[in-house]
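Hi,

Here is the structure I promised to pass on.

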Amino acid sequence: MAKKTNDNKYVVSVKDLTKKFGSFTAVNSISFDVTKGEIFGFLGANGAGKTTAIKMLTGLSKPSSGTAIVAGYDVIKNPEKVKYKIGYMSQKFSLYDDLKVFENIRLYAGIYGIPSKEIKSKINNLIDELGMENMRNKLVGDLPLGWKQKLAFAVAMVHDPPVVFLDEPTSGVDPITRRQFWEMIYKASEKGITVFITTHYLDEAEYCTRASIMVDGVIKALDTPTKLKENLGVKSMQEVFVKLARG
Amino acid sequence: MRSILIILRKEFLQIIRNKTVLPMLFIMPFIQLILLGFAADFEVKNLNLHVIDNDQSTYSRGLISKFSGSPYFNIVNFSFRDEDGMQDLKKGDADLIIEIPTDFEKKLVNRESSPVHLNIDAVNGVKAGLANAYSNMIIRDFNLELLQKATGKVLVSPIGISSVNWFNPSMNYSTFMVPGILVLLMTMVGIFLTAMIVVREKEIGTIEQLNVTPIKKHQFIIGKLLPFLIIAIIELTIGLIVAKLIFHIEFQGSLLLVYAFALVYMPVVLGIGLFISTFSDTQQQAMFISWFFIVIFILMSGLFTPIESMPDWAQKITWFNPIKYFIEFMRMVLLKGSTFKDVTPHFVIMAIYGVVINALAVWNYKKVSA
């Protein structure tokens, strides 16, 4: 039995996390802590190292050095334990287009080990919450992108994980869906789920509890959006980002 | 166990809904089996013969009628000039030319020897050899008749040959080919589809989603491969029914043994597909790599050309060809009625092969990138 690491205050606790690909350092010794129910924004230009960092936190990629404790488990020592405790929604749409809405939910519920008896009610609740009753038997491939993304988010949380990682979840969806999507994120956060989100849209950064800005594999700034703006004397996250990214 | 069943259910749903996979599995192989079963015939019949009869005598016509009466020859043209004959040979209209000299009958009547000249198109060596042998046989018969007529005695060849064809007494080529073609089809479907369907998850990105879930490597792989093992067994069954009902092949050995071997054989094939998938990022790449192996496997399987006539180094390469073992096995068990004792080496080799190739594939299929 893996021992639960102490310090339950933080749901995600990262220290000197580094990832090297040969001589290239994609993520350079980043450290931060995320508390329960926080919406933690992970901002940065393309290639700044956001996705690599998320991959390490979700156990998809082995860190070169440093430590990361996610939901009480060390991602290096117990990557398999971590997997039960996290939800993940990737940049690429990753539900099965050729499975129906309820079949996708059933699949992931099953994979996460939810007992068969509970799966049925889980599917009904989820579809009900999403307002997708009339799409239950539709193939996911036939749904509009906005619905797909909402479903993917719900599926990522089918096992009620304490942390959910969202990698560019809103790229390519219309403003209305983005808004609905953020409502879902707030709901999750209210339930005490920690949301870890990377995004391109800097207006979305304003909705985060705290945001970190990554430049060339390093976290340049990390604070609440209000503080970040105050510190640099600017009015929007857009400006914060431009100032920091330009160095 | 439950995780495997969950993946299995997902795979079957996807296979059933896929508009290309289902025909690839159940329609295409059987069109191929029936088509190839009838068409792949190596027996040389209907050799096209060009006749240059410069003698136009009773004897020469007698000889020609021997050829026209034979099932192996088709007389396509008559002429009186070598050039006309060669023209037909070059164009491919004729496979051989027989040329009878002007004084053919005269010499024979005078008890002299008269030459008959054969020109054979030897581009296809096997065909040329047979054309020569068949012609010789006909001419020898004719010679014998001439001698009998001349001497007035019934002549007997000093050595009589009696031969019996075993295992395929009617020398029916479909009996020889169909079990082999069935093996090819099972193998092709196994390698192609496994490679493509595993890579498909990479290509569309769903593998990344699965990789963050607690599902284990082996559960995912077993769930992915098991459907194709089941499908291959169904294909084998349909194929055997086709062999029996359409090609009227008499099965000599135990069908149970054939199924047992298929269960040992398919993991090898699926492992090869899986191995290929670990090297490919797109279905297209998987397809090309699969083709590379399949073409070698098929051409070096002993189905179309005997392995014994390959150079030594090539024979060694065929040791790694799973198709070779299954085709040998099928011919031994289905046609000769061999029993488990005779094919034990086949079982052992395939079992080892299966373990090795799957271990390699799993080792290469990295869930956590370095």
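Before the strand pairings, one term: two strands count as paired if DSSP finds at least two bridges between them. Also keep in mind that this is a predicted model.

**Chain A: the strands around β8**

With that term in hand, β3(A) (residues 39–44) pairs with β8(A) in the parallel sense, over five bridges. Phe40(A) has Phe196(A) of β8(A) as its bridge partner.

How many of the six residues of β8(A) are buried? Six of six, so I'd call the strand (residues 194–199) mostly covered, given that a residue is buried if 20 or more other C-beta atoms lie within 10 Å of its own. In a regular strand the side chains alternate between the two faces of the sheet. In β8(A), Thr194(A), Phe196(A) and Thr198(A) point one way, while Val195(A), Ile197(A) and Thr199(A) point the other way, and all are buried.

Which residues have a positive phi without being glycine? Asp16(A) is one, at about 50 degrees, and Asp216(A) is another, also at about 50 degrees. Asp16(A) lies in strand β1(A) (residues 10–21), whereas Asp216(A) is found in the loop between β9(A) (210–215) and β10(A) (218–223). Asp16(A) counts as partly exposed because it has 13 C-beta neighbours inside 10 Å; Asp216(A) has 16 inside that distance, so it counts as partly exposed too.

**Where the chains meet**

In the contact between the chains, 23 residues of chain A touch 19 residues of chain B. On the chain A side, α2 (79–85), β6 (86–89) and α3 (101–111) each supply at least two residues. By class, that side has ten nonpolar, seven polar and six charged residues.

The domain assignment divides chain B into domain 1 (2–40 + 171–364) and domain 2 (47–151). Their C-alpha centres lie 49 Å apart.

Chain B has an open sheet of four strands in the order β2-β1-β3-β4, with mixed pairing. β2(B) (73–79) and β4(B) (117–120) are at the edges with a single partner strand each, so one side of each is left without a neighbour in the sheet. On average, neighbouring strands are turned by 25 degrees against each other, direction ignored.

Within this sheet, β1(B) (residues 47–53) and β3(B) (residues 96–100) run parallel and are joined by five bridges, with Val51(B) opposite Ile98(B). Two helices are worth a look as well. Helix α5(B) (residues 82–91) lies across β1, β2, β3 and β4 of chain B and runs at about 170 degrees to β1(B). Helix α7(B) (residues 125–151) packs on the sheet too, touching β1, β3 and β4 of chain B, and its direction makes about 160 degrees with that of β4(B).

Cheers

Key: Residues are numbered from 1 along each chain as its sequence is written. Chains are lettered from A and ligands numbered from 1 in the order in which they are written. This is a predicted model: local features need pLDDT of at least 70, side-chain atom pairs count only at pLDDT 80 or more; totals for chains, interfaces and linings use all residues. A residue is buried if 20 or more other C-beta atoms lie within 10 Å of its own, exposed if 12 or fewer, and partly exposed in between; C-beta atoms are placed from the backbone. Two residues are in contact if their C-beta atoms, placed from the backbone, lie within 7 Å. Ala, Val, Leu, Ile, Met, Phe, Trp, Tyr, Cys and Pro count as nonpolar, Asp, Glu, Lys and Arg as charged, and the others, Gly among them, as polar. Domain bounds come from an automatic or database domain assignment. Axes are lines fitted to C-alpha atoms, for helices over the stretch in contact, and angles run from 0 to 180 degrees between N-to-C directions.
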